[in-house]
Amino acid sequence: MTKDGDRERELKNSRGILAPELTRMRSNVYQIDLSKGEIKSFDTPLEIVRSYLGGRGLNMYYLYKYLKPKIDPLSPDNVLIFGTGLLTGSGLPNSGRFNISAKSPESSVLGDSNCGGFFGPELRFAGVDRLIITGRAEKPTYVYVEDGNIELREAGRYWGLNTLEVQKSLREDLGRDIQIACIGQAGENLVRFANIINGVKNAAGRGGLGAVMGSKNLKAVVARGNLGVPIAHPEQFVEKVREIRDYLTSSKIVQTLGRVGTPLLYEVSNHLGAIRTNNSQLNAFEDTLDAEVVHQYVEKMLSCYACVVHCRHRNYGGEGPEYTTTVLLGANVGISDTQQMVELNNLCNDLGMDVSSTGTIIAWAIELFQKGYLNRKSAGRELEFGDYEMVRSLMTDISRRTGLGDVLAESTRAVKHFGEETKDFLIAVKGLPQSDPHDCRYLKSFALGIAVASRGADHLRNRPTLDIMDLPPELMKKIYGVPIDNNPTSYRTKEHMVYFHENIYSIIDSLGICKFVCHGFNSPRLLGYKHFSDLIKVATDLDFTRKDFEEIAQRIVDLERMINNREGITRKDDTLPRRYFDEPMKLRLGKGHRIDREKFQEMLSGYYRLRGWDENGSPSPERVRQLESLYG
Amino acid sequence: MAKKVYASFRLCTGCELCSSACSVMNFGLNNPRRSGITIKRDLFERYEVQHICRHCEEPPCVEACISGAMIKNTENGLVEHDEAKCVGCWSCMMVCPYDAIVQIRLEAEDRIVAFKCDGCPERDTPACVEVCPTEALVYQ
């Protein structure tokens, strides 16, 4: 590649039939101002692609640039970015993912959500790498993207439809060969944990980005792509896909994921006593939500685009459930009936709400009812764990913002309504309810991970769990670069784990590939930096070394922290739900375990030191200047 | 009998790696639409089915072709399509019982032609079969 990234590539394909326009590697951006109806486009300079890759990385680059600090996330000022990764849609294994980013209306800090399915690749096939959307449309609108052309179209007739209905209607009107990212009623009604859905269940789930779309009067983004993603070395493509496919599918964890999906984790977590149950008042639940039982409701396993794992379930009436749902809409709200849990999963997706927040907030409300903060009159009904009909009707009420649903739709902000002391029972960090079903009181590395995660209590920013696998010490040292204390309840050396996982995940999210095939998520094997280099080389001819990736990861994590610092995040916010500190777990292996406040603070300081942040959790002024200098 | 690609829709998880491999190999860029094998997938209607040329013994597309672009190679058994001769009448698409022929735009020539599986005559195993992760495609 030349330095401006704009050189027309020599035609390499044997047919010689492609116009040069289609064969350039570039990263283009379309800026849409919905208030003015204006659309502009420009290319991301190659130097910036080298610095942030794409996906989450480039989204952060532009979010830091365009997002004004302290704005109301539901105002026209919020900046909503749809960004594909450097490898998204390349056709290389598991290259189906993209990121949506904005300021979160749920947490008021960074909102960033990674999503699978087929939408991200289609956006690239349509010749668009990134959409930056600001303003607010006067009337319900959808964005239509086809082959580098973008139109704002009237969406009045789709307003009020759930996520399934709107996609079916758009496909009837426009043809079936489109991909859609849309919101349901929850997004329209500004539920602060509304998600953005593509297909039946692929969600940009976390942080309430669906409410950002709703606030902009934006019902959907529709893509149809007849162009394509240029591949620098087509002659190596088939061999590389086959090699990676063989490597991945020989892995036991990939095989198991492909057979039953993420619910495989339920049994092992339950054995450990790490299943969030009844709003974390308990830590283990019934075996009716084990993967093998859940699988009785599954018709077929499906893939996202270019995926060799196929961990998605087509159930009898929808898609899912993931492990997260089995617990958050099962154990956490006391539902042990497998079919009821699957029904709640399907409803939550149709309404367009994040299952993690929905299950956490409803479980919190039930406990508040138990403790007398809510009563029959104020809640409009009895709230009890295990009451399927109640949970179902409450979910619908939240999506419509009626009755108690209107208060719970405010997510963690409902503390203002119920009283400050109710925060003590809320399983959230930085205003974001915890995503993962994992009760963190046992596994200390995991606890540090959700405390520092840049979007709030979330496992997909780092998820350090290898210390529970009892791997050989030399292997742990090889992975993390330092010896790691293999005792999962120890507080020592865990900052190194969080640091490493945070770095590699930020790269994975920026490439647009899936964490399930990558090193460190569920396995000490699978794809790592060396594989990433090879894949990028085949697709783009760009060269990256391990050192390059580590520097890029540090840039991304630092920039995310700078965004959060601007919103007022400091050390005091890098903490855990009170319950994790003060109440020991009651059941199974985890019995008696909790997080020690003092030792937690030591872990946190160690993490800051590794990141080069000060004791208050801020990158140095020099580092801030250095990253800001990239804006030219 | 010459080997053929056989597809099982039950084993297909809809990943489109097959289409992508075909697209990259033929065009140097990836778009599953520009491929000799396409996955008709509908998450809402709940199916995914591979559409690929069966290289029929008596191909209706060859019969229907008005320009001589589509021919049956009697030596290797493959149904071959010469894009240079294609006039874009779509007769082949209309008669194909397997919906295995697509339209593609030749940007450099600014025209649209029919495109289908050529059987990967230069490879031991067709690219789509090589990359399929679930053995939903076999070559025998």
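In this predicted model, the side chain of A:Glu188 reaches the backbone nitrogen of A:Gly160 at a distance of 2.7 Å. A:Glu188 belongs to helix H5 of chain A, which covers residues 185-188. The points below describe the surroundings of this residue, the nonpolar cores and the cysteines.

**Surroundings of A:Glu188**
- With a relative accessibility of 11%, A:Glu188 counts as buried, because the limit for that class is under 20%.
- Apart from neighbours within four places in sequence, A:Glu188 is in contact with A:Tyr158, A:Trp159, A:Gly160, A:Leu161, A:Ile183, A:Gly214 and A:Lys219.

**Nonpolar cores**
- The largest nonpolar core has 85 residues, and the members that touch the most others are A:Tyr52, A:Ile507, A:Leu511 and A:Phe532.
- A:Ile507 is in contact with A:Leu53, A:Tyr529, A:Phe532, A:Phe549, A:Ile552 and A:Ala553, when neighbours within four places in sequence are left aside.

**Cysteines**
- Zero disulfides are found over all chains when the whole structure is searched.
- A disulfide requires two cysteine sulfur atoms within 2.5 Å.
- For A:Cys348, the closest cysteine sulfur is that of A:Cys182, and the separation of 14 Å is too far for a bond.
- A:Cys348 is buried, at 0% relative accessibility.
- In chain B, the sulfur of B:Cys117 is 5.7 Å from its closest cysteine sulfur, in B:Cys53, and this is also too far for a bond.
- B:Cys117 has a relative accessible area of 12% and is therefore buried.

Technical notes
Residues numbered from 1 in each chain as written. Chains lettered and ligands numbered in written order. Predicted model: local features only at pLDDT ≥ 70, side-chain atom pairs only at ≥ 80, totals over all residues. Heavy atoms only, no water. Buried < 20%, exposed > 50% of the residue type's maximum accessible area, 1.4 Å probe, protein only. Core = buried A, V, L, I, M, F, W, Y, C linked by side-chain atoms within 4.5 Å. Contact = heavy atoms within 4.5 Å. Helix = DSSP H or I, 4+ residues; strand = E, 2+ residues; numbered from the N terminus. Polar contact = N/O pair within 3.5 Å; in protein donor to acceptor, adjacent residues only side chain to side chain.
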